[in-house]
Amino acid sequence: MIRISIFNFLVFVLTLASCTSVPTKERNYMILPSPAEVEITGVSELSPSAIADRVQEMKNDFISGKSLPESSQDVVSLSLNPNAELNSEGYSLMISKDHIDISASTNEGLWYGVITLGQLVQDAEDQDAALPLISIKDEPALAYRAVHLDVKHHLEKREYYYQLMDRLAEMKINGIILEIEDKLAFERQPKVGSPDAWSIAEWKKLSEYAMARNIRISPLVQGLGHASFILKHEEYQDLRDDPASDWAFNPLDERTYDVQFDLYSDALAAFPFAQYLHVGGDEVHTTGRGSGKSALELQLTWLNRVSSYAEEHQVTPIFWDDMPLQNAGVYGSIFNRKLTEAQVDSIWQVNEPKLNEYVEMFPKNCIYMRWNYSMPETPGNNRAMKWFTDNGFQVMGATAGQTRWNLMPLEESNTANIRDFALISIDNQADGLLLTLWDDDSPHFELFQRGIAIFAEYTWSGKKRTSEEIHTAFRQRTFGSELTSSEFAFINDLEAPVAFWKNALLESRDRNRLRAMDNPMRDAVLTLPDANSPGEWVKRNEVKLTKARENKLAVDSVLSTIAEAKKVAKRNTYTLDVYEQVAKVTQFSNRSLLLLEEWDLAKTGEEREAAKDKLLNLESEWKSQLAELEEVYGKTRVLDKPATYLLDQDHHVHLANQAIKFSDWQFYVEGLFIQKIKEGNSLIMTGDLESK
């Protein structure tokens, strides 16, 4: 008998030397997320290919609304047991010698049992193996496991969203908070909708598709602040709290609520299965057009109005909780790891009365979402959550799989933050957790998939796997068993080159902030070498060049690994294509820097002219690379905004909000750099090189 502890990494390795019916080699079964309890006792006689057909039939039955026990056949039995000692989405799964039994207290529990069976079948087929004799008892640690989809700066192609629902279901995600902004063609306030917005009927169709897979979509319609998508339009400028800024509504203007409630009504029509209405409310201070009321009182005035609307429409409002904490002077303690619990308590003792003064104005029907994307484990974060619960308010956490990373998520897809917030939520017996996926700088969505898998693991299973083990399971589930080896763990190796890429071609500037400059090519883009001072540029950029050399070697290795992975991957090679494009983009910056070094250190005029030719050829290289990237990205993504799209004031310098055309915002720096190379008189030598 093989017993797998519920705290161990879920890799089932069966050596089948004594079984003559299947090849004798090791089998790895990696269920993601990990089940709570697992026991393996041997090998069944069931053909995985035959069971694969049954799995698909059962999935189709659930999706069509059929009660899964009606799908039972000779080989697979599904049963509902209301008295099962499992929560509503829990299930038990047993594979015996020639039979499979799945039981649960709800149809949703059976659905997740079928999904787990499907993963076992897929692993068996991938490895030419029989199904194991296995007993699983499983249930989620958190009831609500939701992913935030942010479409404010771009849309994917329609079919991609439908495929995404299937992929999220496979990871047992059961909720989506969809930040809709102007990508809904609002009927009551038609000016707000973007020219490329989906209609209510189109979003409703996707909502129905998701709900059939036990994923309930709820809308996030930004309200008091983050309102540029509304207030940028001339028709709504009189509703601004600050007439010069399109950021925030005036909460004392009654028409504010006329507009917002119209948007809510259309959003709830588009997402008819919503259990929540996320109203936003973060990162905003208002004055009520100089009303003299405090920012906290004004925000709670607004929050009560929108919460009352939600209650009347039988949905629960969710509110980002940061501004009350900021207004009370306790917010800084949340993001300071150096503070002890006693120090945090001292800060709260001084400032908590500012919150308590208005505690009766906090609506009781609202969920206060404690978002923390970097350090949820701090005493300050826990103390903030405790204030809400101590006062009888509902609290839910929000972690992040993407924050302000440009080309791809970093920090191992934010593994540590996701893990810590999930474990805190489980320990505090919270109802759920949200994984935010911000579109501010808009990497390709395929690059979020690992973070989603990490979130799925920790919110369903708690801490059963190490981060490395989760990443291994992600590779097996995503690409197939051939990629479980650590030799294919290239994503983390790409992080340092991507982080370096962001500002590699700039002089101590940030890529996101160039649009506000009068002459970014002159004042921000890297200064070119001076032909009359050979070697000086290299000395000045020694640190940057060292990193470029290191990163070039790393990216060469990553590209080689991806090429090998594409040969053996059994599925999702498109994901590998996207990572390959990211690697090639970063390599362009490394190569450009090293060519400038080659030019600056040339020993003869001939060497310098040869290096100059290579530099001037960068333009054609970049055009070719950009075309290749856009072809790959464009398979799933709508790259450009509509030509008539009205950009807003970009208060938070979102890179994806700075131009209509994809290449003009994502690769603005590369365009400026190439132009500087073409126009750079400093590359023209005035004198005899050998004499310098």
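Q: Is Lys183 buried or exposed in this predicted model?
A: The relative accessible area of Lys183 is 2%. The cut-off for buried is under 20%. Lys183 therefore counts as buried.

Q: Which residue forms a salt bridge with Lys183?
A: Side chains of opposite charge can pair when their charged atoms come close. For Lys183, the closest N and O atoms of the pair are 2.7 Å apart. A salt bridge needs such atoms within 4 Å. The partner is Asp182.

Q: What is the relative accessibility of Asp182, the partner of Lys183?
A: Asp182 pairs with Lys183 in a salt bridge. Asp182 counts as buried, and Lys183 is buried too. For Asp182 the value is 1%.

Q: How many residues apart in sequence are the parts tied together by Glu235 and Lys191?
A: Glu235 forms a salt bridge with Lys191, with closest N and O atoms 3.9 Å apart. Glu235 lies in the loop between α5 (228-231) and α6 (254-270). Lys191 lies in the loop between β10 (175-179) and α4 (200-211). The parts so joined are apart in sequence by 44 residues.

Q: Are Glu235 and Lys191 buried, partly exposed or exposed?
A: Glu235 has a relative accessible area of 43%. For Lys191 the figure is 42%.

Q: Which residue meets Lys97 in a salt bridge?
A: The N to O distance in this pair is 3.4 Å. The pair links distant parts of the chain, 52 residues apart. Lys97 sits in the loop between β6 (91-95) and β7 (100-104), and its partner in the loop between β4 (37-43) and α1 (48-63). That partner is Glu45.

Q: How many salt bridges does the count come to?
A: Some charged residues join in a network of salt bridges: Asp150, Lys152, Arg404, Asp440 and Asp441. Lys97 and Glu45 form another pair. The count of salt bridges comes to 43.

Q: Which residue's backbone oxygen does the side chain of Asn414 reach?
A: Asn414 is in helix α11 (residues 411-427). Asn414 counts as buried at 3% relative accessibility. Leaving aside neighbours within four places in sequence, Asn414 is in contact with Tyr373, Ala400 and Trp405. The backbone oxygen reached, at 2.8 Å, belongs to Ala400.

Conventions: Residues numbered from 1 in each chain as written. Predicted model: local features only at pLDDT ≥ 70, side-chain atom pairs only at ≥ 80, totals over all residues. Heavy atoms only, no water. Helix = DSSP H or I, 4+ residues; strand = E, 2+ residues; numbered from the N terminus. Buried < 20%, exposed > 50% of the residue type's maximum accessible area, 1.4 Å probe, protein only. Polar contact = N/O pair within 3.5 Å; in protein donor to acceptor, adjacent residues only side chain to side chain. Contact = heavy atoms within 4.5 Å. Salt bridge = Lys/Arg side-chain N within 4 Å of Asp/Glu carboxyl O.
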